[in-house]
There are 2 protein chains.
Amino acid sequence: MAVYTEVSDEDLGAFVAEYGLGNVVAFKGIAEGVENSNYLLQMESATYILTLYEKRVAQEDLPFFLGLMEHLAARGIPCPTPIHGRDGQALRKLCGKPAAIVTFLQGMWPRRVLPDHCRLLGSAMAAMHLAGEDFPMSRPNDLGPKGWEALFATCVERADSVRDGLALEIRGELDLLHESWPTDLPTGIVHADLFPDNVFFLGEGLSGLIDFYFACNDFFAYELAICLNAWCFEADGSFNITKAGQMIAAYRTMRPLGEKEIAALPTLARGAAMRFLLTRLYDWLNQPQGALVRPKDPLEFLRRLRFHKNVKSADAYGIA
Amino acid sequence: MAVYTEVSDEDLGAFVAEYGLGNVVAFKGIAEGVENSNYLLQMESATYILTLYEKRVAQEDLPFFLGLMEHLAARGIPCPTPIHGRDGQALRKLCGKPAAIVTFLQGMWPRRVLPDHCRLLGSAMAAMHLAGEDFPMSRPNDLGPKGWEALFATCVERADSVRDGLALEIRGELDLLHESWPTDLPTGIVHADLFPDNVFFLGEGLSGLIDFYFACNDFFAYELAICLNAWCFEADGSFNITKAGQMIAAYRTMRPLGEKEIAALPTLARGAAMRFLLTRLYDWLNQPQGALVRPKDPLEFLRRLRFHKNVKSADAYGIA
């Protein structure tokens with residue numbers, strides 16, 4: 001939950017005047033989104049989301065993120081579309097920060113994940129992968145294996161303050177991951193952060209994929225591996241093979257998985273658990289004074305990593 | 001900014017089914033309101049605010065607050081109106097906490113206060129005071145002179161950790177306030193927390209008064225005194241007599257002020273500054289671990305208190 005930048009009425013008025021959407025009817029900070037300041041912006045014409053990009057998002061990446069959302073939305077993927085101003089620009093400045101207005105998506109993210117959610121996610125994910133194939137821009141995954149090393153280097157000395165032996169366990173895991181990480185899987189644009197709070201459902205359907213600010217080029221199957229971590233573990237730590245099976249089966253109806261992709265899933269899932277373990281560990285060890293966001297427990301992903309370590313094959317993920 | 005309670009889709013679905021407003025279209029936590037959890041609730045029919053009352057609001061007071069909003073709204077005051085369920089109830093339980101759905105008000109609170117805002121506030125405040133006169137319930141002001149003593153007692157030992165000499169200065173001020181506090185001014189229902197973030201403006205008008213969870217019976221002129229503190233000081237600490245004058249003049253066009261009320265304004269303004277100094281001091285000294293809300297600077301109101309202390313008469317507030 002986060003609003004880091006207070007926008008004055010005058011600044012907002014001048015900003016929206018560039019768009020020709022009519023007058024502001026309501027403007028409320030939204031208690032969601034950790035990286036940026038998000039406002040619900042109700043205009044005479046319709047409702048939008050106004051995002052101010054805070055420092056954690058690199059400015060030079062914004063054309064990629066906004067371009068990608070526009071590209072995907074134009075191909076029928078239910079994601080926010082940037083609105084262009086009268087000058088054609090979708091990205092401008094507000095309160096000294098990069099800012100954009102995007103369309104508002106209906107729906108609600110699932111506080112309790114059901115197998116149906118996983119099934120709907122699987123096919124939406126595959127549709128998104130296909131729709132991104134002709135997107136002309138690219139962006140490396142900063143949070144891939146090389147990024148893990150850089151993150152770990154900043155955490156290694158204090159990792160054991162979170163849990164005894166954590167530094168050594170991560171070091172060993174990283175070494176194994178570097179040895180086994182695949183190199184030749186089908187690659188394209190992935191969202192890379194498809195957690196339940198980034199996916200909206202409405203009625204019986206999936207109504208929105210949001211928050212593309214980690215999107216990058218990586219293995220398509222790595223996205224599935226992230227979602228196995230993000231959607232298929234229960235609160236008690238147990239793995240729900242029904243949810244996983246439905247997600248993967250629905251994915252395959254839209255985009256078939258090759259044998260190599262399936263064989264790599266346990267390794268990719270370990271890597272995905274490592275990625276979130278490390279970013280959460282970093283946030284845990286670097287809580288700013290007066291932070292408005294409670295950091296999430298990194299050890300949750302240590303437990304998931306250990307689960308994947310014990311997996312013998314992708315069968316454990318319910319692949320039929 | 002605050003969402004303290006996560007509401008699951010199932011709980012929300014069961015809750016709104018009691019109202020007959022159609023299905024949920026969107027549901028987003030709002031980063032406003034310190035005391036309660038507020039959600040924007042978009043239904044097929046219209047947009048509402050769903051509030052879960054957290055522990056700082058006494059449950060036994062909720063019928064007063066909700067009844068007052070309904071009373072005022074029925075008399076044309078632009079405030080949220082509680083929605084009644086099919087069983088007639090406006091107050092029910094969600095996630096084990098008292099909860100209510102109220103109407104959504106358009107507009108935006110002013111991040112930078114202009115004299116026009118103060119003028120519009122003055123007349124809306126007087127209209128609210130008049131509209132509350134036939135409200136049948138009553139509630140004492142817990143944060144009046146007696147409440148200040150109780151608050152001070154919990155802070156006195158640590159007050160000097162915030163500023164050297166603070167405990168002694170507050171003690172002296174409290175003694176003076178007890179001696180000079182008026183007893184026979186016109187009394188009625190006051191909002192008691194009319195800060196800029198509780199007042200919405202839209203176009204050229206005032207579109208909403210929100211957050212009635214401090215409302216109580218007290219001197220009408222005390223509300224004006226609170227607003228002198230809340231609206232008429234600039235960021236540099238200076239007092240803006242133009243804003244004060246416009247607020248009071250607009251108030252008097254709707255509800256005339258008696259001589260005693262005018263004469264008491266400097267004392268009431270000192271008391272109002274004391275009230276916010278003490279509650280902010282309390283919050284400053286009692287920050288919960290992992291708090292989601294940054295406490296506000298108590299000393300801001302010490303400076304305002306000192307300003308009012310040096311005021312010789314209500315002329316200093318721009319009374320024509």
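Reply: Ala264(A) is found in helix 9 of chain A. The model is a predicted one, and what follows describes that model.

Is Ala264(A) buried or exposed? A residue is called buried if 20 or more other C-beta atoms lie within 10 Å of its own. Ala264(A) has 23 C-beta neighbours inside 10 Å, so Ala264(A) counts as buried. Setting aside the neighbours within four places in sequence, Ala264(A) is in contact with Pro182(A), Leu185(A) and Ala221(A). Gly237(A) is 27 residues away from Ala264(A) along the chain, and the C-alpha atoms of these two residues are separated by 23 Å.

Now to the helix itself. Helix 9 of chain A covers residues 259-285, and the buried residues of helix 4 of chain A pack against it, as they do against helix 5 (159-162) and helix 6 (166-180) of chain A. Which residues of helix 4 are these? Helix 4 of chain A runs over residues 145-155, and its buried residues are Trp148(A), Leu151(A), Phe152(A) and Cys155(A). They cover an arc of only 100° around the axis, which puts them on the same side of helix 4 of chain A. The face turned away from that buried side carries the exposed residues Lys146(A), Glu149(A), Ala150(A) and Ala153(A).

Helix 9 of chain A also meets helix 10 of chain A, which spans residues 299-309; the two axes come within 8 Å and cross at roughly 165°. An angle over 145 degrees counts as roughly antiparallel, and helix 9 and helix 10 of chain A are therefore roughly antiparallel to each other. The crossing of helix 9 of chain A past helix 10 of chain A is left-handed. On the helix 9 side, the residues that meet helix 10 of chain A include Pro266(A), Ala269(A), Arg270(A) and Ala273(A). On the helix 10 side, the residues that meet helix 9 of chain A include Phe301(A), Leu302(A), Arg304(A) and Leu305(A).

Last, the second chain. A rotation of 180° with 0.1 Å of shift along its axis superposes chain A on chain B, with an RMSD of 0.0 Å. The two copies are thus related as by a two-fold rotation axis. The same surface serves both copies, since 93% of the contact residues of chain A recur in chain B. Between the chains, 28 residues of chain A are in contact with 27 residues of chain B. Strand 1 of chain A gives the most to the side of chain A that touches chain B, with six residues.

Notes: Residues are numbered from 1 along each chain as its sequence is written. Chains are lettered from A and ligands numbered from 1 in the order in which they are written. This is a predicted model: local features need pLDDT of at least 70, side-chain atom pairs count only at pLDDT 80 or more; totals for chains, interfaces and linings use all residues. Copies are superposed by least squares on the C-alpha atoms of residues with pLDDT of at least 70 in both. Two residues are in contact if their C-beta atoms, placed from the backbone, lie within 7 Å. A residue is buried if 20 or more other C-beta atoms lie within 10 Å of its own, exposed if 12 or fewer, and partly exposed in between; C-beta atoms are placed from the backbone. Helices (H or I, at least four residues) and strands (E, at least two) are DSSP runs, numbered from the N terminus. The arc is that of the directions from the helix axis to the C-beta atoms. Axes are lines fitted to C-alpha atoms, for helices over the stretch in contact, and angles run from 0 to 180 degrees between N-to-C directions. Angles under 35 degrees count as roughly parallel, over 145 as roughly antiparallel, 65 to 115 as roughly perpendicular and the rest as oblique. A crossing is left-handed if the near helix is turned anticlockwise from the far one by less than a right angle, and right-handed if clockwise.
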